[in-house]
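User: Good morning. I would like to go through a protein model with you. Could we look at it together?

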Amino acid sequence: MSDDLSIEPEPFKLGVAAIAKNEINYLLEWVAYYQYWNFDKIYIADNCSDDGSSELLEALHNAGVITRIYFPRVGDVGPQVPAYNRILRDYGSEVDLLAFVDIDEFIFPTNGKSIRENLVPFFQNSDAGALALNWRNFGSSGHIFMESAPVIERFTHCSQVEHKFNRHIKTILKPSMVERMNIHECTLKQGRYYRPDMQPAAFENGGESEPKTAEVSYEGLRVNHYVVKSRQEHFILKDKKGSGAGSAKRRKGQSYFQGHDLNDEVDKGMLPHVPEVKARIQALKNLLLHDSPYMSLGKAHMTIKGDTISGWAVSEFEGKLKIRLLINGIERLVDVNRNRPDLRAKGISPKLMCGFWYKHERPFTEADVITGTIYGSNVECGVNWVKDQAVSQQPRMMADLAVQPQD
């Protein structure tokens with residue numbers, strides 16, 4: 001492996017994609033890890049968290065670190081496959097190679113080369129449409145409580161290589177050759193699946209692409225899957241989170257933990273990479289502090305009248321702001337870029353351009369559900385509703401209506 005991972009001799013764009021819900025404790029490590037291995041693009045579908053993950057993803061997007069895709073669950077349909085295919089459709093043209101993994105999964109090179117070096121033969125092979133990377137499932141390493149160290153440092157005990165779970169794959173693909181992405185495998189419209197050592201992949205049931213291979217191969221690349229972590233993390237954080245692949249009501253309790261807490265072997269291959277990943281985590285925190293409104297104090301207000309939402313926003317963050325409007329579950333991002341000399345004259349805002357304005361396709365009614373926040377922060381908009389002749393009643397607002405500021 002090259003001593004300087006910033007060197008990028010391979011002439012291809014490399015991306016990684018995931019869907020995230022309630023992963024606040026792990027997102028920065030995951031992003032830092034793929035930055036460390038020189039992935040050019042990081043795509044994360046935001047499955048609408050309630051633990052602060054959504055605000056963090058917004059802030060990382062606002063700072064230019066990732067591409068966040070707003071992707072709420074619709075009904076009780078698993079959002080993972082639709083999110084994957086949205087990313088493939090809308091962003092596949094931005095990269096030459098695209099990996100689909102989870103937030104608890106880390107692509108790991110097993111042969112001393114970098115990830116990108118391992119992918120050169122795949123990129124250059126015109127017959128190769130996708131790579132099948134086998135799992136290496138890691139257990140709790142006997143940890144009961146969550147600790148502050150990164151996941152890739154805390155957990156070093158894993159399953160035996162031949163364990164049946166490890167026949168599961170995750171996929172790196174060439175977007176131009178793919179018809180559809182599933183949870184583990186893709187459907188190719190041309191080319192075929194290979195292993196990372198560029199031998200043709202053989203699947204469990206002899207198909208062209210399946211979720212499991214016939215045998216486990218770790219030649220070149222694999223996916224370290226930190227599936228359960230400590231008992232506290234599993235029972236408090238993961239058990240009730242639901243499944244991205246299926247129902248939001250799915251529980252992953254004691255039986256799931258016991259079945260996946262595999263600690264038969266020790267693998268410390270990640271440890272040499274931990275110091276640099278930690279440094280990048282800290283760099284991301286510094287970036288969020290200085291280049292986004294994340295955790296900045298601020299105020300924002302909006303007035304709804306007819307088909308228009310207008311208002312203002314101020315923040316400790318001195319850069320450009322956006323307002324995130326959520327209108328009946330549909331997200332709209334609006335630039336804060338309108339002159340408001342009245343607010344500056346009153347001392348409310350040091351900036352002249354602190355206003356925003358949004359025109360909807362129809363007048364709002366009492367059936368509409370609307371929220372507003374400063375994008376990339378937890379600052380909510382106070383709300384004024386101004387009745388007009390076309391609308392007789394105030395809509396239901398998912399915001400604090402106790403404060404009634406002027407627009």
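Analyst: A term is needed at the start: two residues are in contact when heavy atoms of theirs lie within 4.5 Å. The model itself is predicted.

User: With that term in hand, what share of the contacts between residues at least 6 apart in sequence join residues at least 24 apart?
Analyst: The share is 72%.

User: How many helices and strands are there?
Analyst: The protein has nine helices and 21 strands.

User: And what percentage of the residues count as buried?
Analyst: Of the 407 residues, 53% are counted as buried. The accessible surface is about 18300 Å², and carbon and sulfur atoms account for 48% of it.

User: Let us turn to the strands. How do β1 and β2 run, and how many bridges join them?
Analyst: Strand β1 (residues 14-20) and β2 run parallel, joined by six bridges. Ala20 has Asp46 in β2 as its bridge partner. Together, β1, α1 and β2 form a right-handed β-α-β unit.

User: Which strand pairs with β2 over four bridges?
Analyst: That is strand β3 (residues 67-70), which pairs with β2 in the parallel sense. Here Asp46 has Tyr70 in β3 as its bridge partner. Between β2 and β3 the chain passes through helix α2 (residues 53-62), and this β-α-β crossover is also right-handed.

User: Why is β2 described as largely enclosed?
Analyst: Five of its six residues are buried, so β2 is largely enclosed by the rest of the structure.

User: How many salt bridges are found in the whole structure?
Analyst: The search finds 22 salt bridges. One of them joins the side chains of Arg116 and Asp40, at 3.1 Å from N to O. Arg116 lies in helix α4 (residues 115-124) and Asp40 in the loop between α1 (27-36) and β2 (41-46), 76 residues apart, so the pair links distant parts of the chain.

User: Why can such side chains pair at all?
Analyst: Side chains of opposite charge can pair when their charged atoms come close.

User: Which residue meets Asp102 in a salt bridge?
Analyst: Lys170 does, at 3.3 Å from N to O. Lys170 is buried, with a relative accessible area of 1%.

User: A change of topic: where is Asp368?
Analyst: Asp368 is in the loop between β19 (353-359) and β20 (370-374). Asp368 counts as buried, at 2% relative accessibility.

User: What does the side chain of Asp368 meet there?
Analyst: A polar contact of 2.8 Å joins the side chain of Asp368 to that of Asn328. A polar atom of the Asp368 side chain also lies 2.7 Å from the backbone nitrogen of Thr365.

User: Finally, is Val266 buried or exposed?
Analyst: Val266, in strand β13 (residues 265-266), counts as exposed at 51% relative accessibility. Leaving aside neighbours within four places in sequence, Val266 is in contact with Thr156 and His157.

Notes: Residues numbered from 1 in each chain as written. Predicted model: local features only at pLDDT ≥ 70, side-chain atom pairs only at ≥ 80, totals over all residues. Heavy atoms only, no water. Helix = DSSP H or I, 4+ residues; strand = E, 2+ residues; numbered from the N terminus. Buried < 20%, exposed > 50% of the residue type's maximum accessible area, 1.4 Å probe, protein only. Areas by Shrake-Rupley, 256 points an atom, 1.4 Å probe, with all protein chains shown as cover. Salt bridge = Lys/Arg side-chain N within 4 Å of Asp/Glu carboxyl O. Polar contact = N/O pair within 3.5 Å; in protein donor to acceptor, adjacent residues only side chain to side chain. Pairing = 2+ DSSP bridges. Right-handed = clockwise from strand over helix to strand, strands pointing away.
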